[in-house]
Amino acid sequence: MKNPISHTQIQELVITAMFIALTYVFTAFVNIRLPIAANGGLIHLGNVPLFIGAILFGKKTGAICGGVGMGLFDLLSGWTSWAPFTFIIVAFMGFSVGAITEKHKGFGWNVLAIAVACVIKVVGYYIAEVILYGNWLAPVTSIPGNLVQIGVAAVIVLAVIGRLQKLIKW
């Protein structure tokens, strides 16, 4: 007979599912479509719950909530061709933020982790646009939107994460 699922496993599952849902909702409903770039572009706040989940609960939660939450948005919102790229890029962003902040605590480390996620986003989506559109120059127009998106998320997350970390101490 297999061991039953532990309380900790159930708790991790519920937390990860909650952050998947929050990432999807903040991406789908708290956004601005940009009239620039090859694909129009989208600035959203989905990175806020992604970064909070990764910082509070680690790389596994960060990777899953980012990849699944934003990938699901792409699948359900008409950005279907972006879904495989989003799943990989954003999962890697969440994993990286969680991996850095699991080992190192403090404001400076949170800033570094989000900066690493920003680099992953800019480079990842640049490469994705090159693949999707077959043009090396057009993806440059998406970089400012990606920087604004991560910058806004960073300001929000860095303003609240210290308080949340104090509350989450189990």
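A: Let's start with the largest pocket, where α1 gives the biggest share of the lining, 7 residues. (Helices are DSSP runs of H or I, at least four residues long, numbered from the N terminus.) Keep in mind that this is a predicted model, where local features need pLDDT of at least 70 and side-chain atom pairs count only at 80 or more, while totals for chains, interfaces and linings use all residues. Residues are numbered from 1 along each chain as its sequence is written, and side-chain values use heavy atoms, leaving out hydrogens and water.

The largest pocket holds about 240 Å³ of space. (A pocket is an open set of points on a 1 Å grid where a 1.4 Å probe fits, with protein on both sides within 12 Å along at least five of seven lines; lining residues have an atom within 4 Å of a point.) Of its 12 lining residues, Gln 11, Glu 12, Leu 13, Thr 16 and Thr 61 sit closest to the centre. Two elements give two or more residues to this lining: α1 (7–29) and α3. By class, the lining has 5 nonpolar, 5 polar and 2 charged residues. (Ala, Val, Leu, Ile, Met, Phe, Trp, Tyr, Cys and Pro count as nonpolar, Asp, Glu, Lys and Arg as charged, the others as polar, Gly included.)

Helix α3 (residues 59–76) packs against α2 (residues 47–57) at about 160 degrees, with the axes 7 Å apart. Therefore α2 and α3 run roughly antiparallel (that is, at an angle over 145 degrees). Thr 61, one of the pocket residues closest to the centre, also belongs to this contact (heavy atoms within 4.5 Å), together with Gly 62, Cys 65 and others of α3, while α2 brings residues including Leu 50, Gly 53 and Phe 57.

Helix α3 has another partner, α4 (residues 83–103), at about 155 degrees and with axes 7 Å apart. That makes this pair roughly antiparallel too. Gly 62, Gly 66 and Met 70 are among the α3 residues here, and they meet α4 residues including Phe 87, Val 90 and Gly 94.

Terms used. Axes are lines fitted to C-alpha atoms, for helices over the stretch in contact, and angles run from 0 to 180 degrees between N-to-C directions. Angles under 35 degrees count as roughly parallel, over 145 as roughly antiparallel, 65 to 115 as roughly perpendicular and the rest as oblique. Grid points are joined across faces, edges and corners, and a volume is the space filled by probe spheres set on the points.
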